[in-house]
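Let's take a friendly walk through this structure, from its nonpolar cores to its charged pairs. Please keep the viewer open as you read.

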Amino acid sequence: MEILGATLRVCVDDLETAVPFYERLAGGRALRFERGGVSVAAVGCFLLMSGPASELDVLRKVAATIAVEDVEETARVLTGLGARVVAGPVETPGGRNLIAVHPDGSVYEYADRNG
């Protein structure tokens, strides 16, 4: 399993206000999509999320999104190391992902670009 990079998860009250700042900061345009009632904008290494408080409370528990080559392989490695996969792997607009709880209690999303 190779870690390719990480995305910082940022919950914001107003996505429309936040996106221009992060576009200027990251030097690129936001890729926008909706997922489970949450509006999302991916800008550089930032994943901005806005939506109902109940949904954001769950999303805030995930420390970061980690890009990997293959989510299936990552699931095998994680479970072999004692982590617990609590969701996925599932298809997303950009590939596949899973949510895992590490033995220390930290929660991460792992995502690939495979379809």
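## The largest nonpolar core

Ten residues make up the largest nonpolar core: Val 10, Val 12, Leu 15, Ala 18, Val 19, Tyr 22, Ala 41, Val 43, Phe 46 and Leu 48. Such a core is a set of buried Ala, Val, Leu, Ile, Met, Phe, Trp, Tyr and Cys residues joined through side-chain atoms within 4.5 Å. Buried here means under 20% relative accessible area, exposed means over 50%, and partly exposed lies in between, with a 1.4 Å probe and protein chains only. At least two residues of this core come from each of helix 1, strand 3 (38–43) and strand 4 (46–50), and helix 1 gives the most, with four residues. Helices (H or I, at least four residues) and strands (E, at least two) are DSSP runs, numbered from the N terminus.

A second, separate core has nine residues, including Ile 66, Val 68, Leu 78 and Ala 100. Contact means heavy atoms within 4.5 Å.

## About the model

This is a predicted model, in which local features need pLDDT of at least 70 and side-chain atom pairs count only at pLDDT 80 or more, while totals for chains, interfaces and linings use all residues. Residues are numbered from 1 along each chain as its sequence is written, and side-chain values use heavy atoms, with hydrogens and water left out.

## Aromatic rings

The structure holds two aromatic pairs. One of them joins Phe 21 and Tyr 22 edge-to-face, at 5.0 Å centre to centre and with 85° between the planes. Rings of Phe, Tyr and Trp (its six-membered ring) pair if their centres lie within 6.5 Å; planes under 30 degrees apart count as stacked, over 60 as edge-to-face and the rest as tilted.

Phe 21 is partly exposed, at 44% relative accessible area, whereas Tyr 22 is buried, at 16%. Together with Phe 46, Phe 21 and Tyr 22 form one aromatic cluster.

## Salt bridges

Seven salt bridges turn up in a search of the whole structure; each has a side-chain nitrogen of Lys or Arg within 4 Å of a carboxyl oxygen of Asp or Glu. In one of them, Arg 32 pairs with Glu 16, and the closest N and O atoms are 2.8 Å apart. Arg 32 lies in strand 2 (residues 31–35) and Glu 16 in helix 1 (residues 15–26), so this pair ties together parts that are 16 residues apart in sequence. Arg 32 is partly exposed, at 40% relative accessible area, and Glu 16 is exposed, at 52%.

Glu 23 and Arg 29 also meet in a salt bridge, 3.8 Å from N to O. Here Glu 23 is buried, at 16%, while Arg 29 is exposed, at 71%. Glu 72 and Arg 96 form another, with 3.6 Å between the closest N and O atoms. Glu 72 lies in helix 3 and Arg 96 in strand 7 (residues 95–101), so the pair ties together parts 24 residues apart in sequence. A network of salt bridges links Asp 70, Glu 72, Arg 96 and Asp 112.

## A buried threonine

Where does Thr 74 lie? Thr 74 is in helix 3 (residues 71–80) and counts as buried, at 0% relative accessibility. Leaving aside neighbours within four places in sequence, Thr 74 is in contact with Met 1, Val 68 and Tyr 110.
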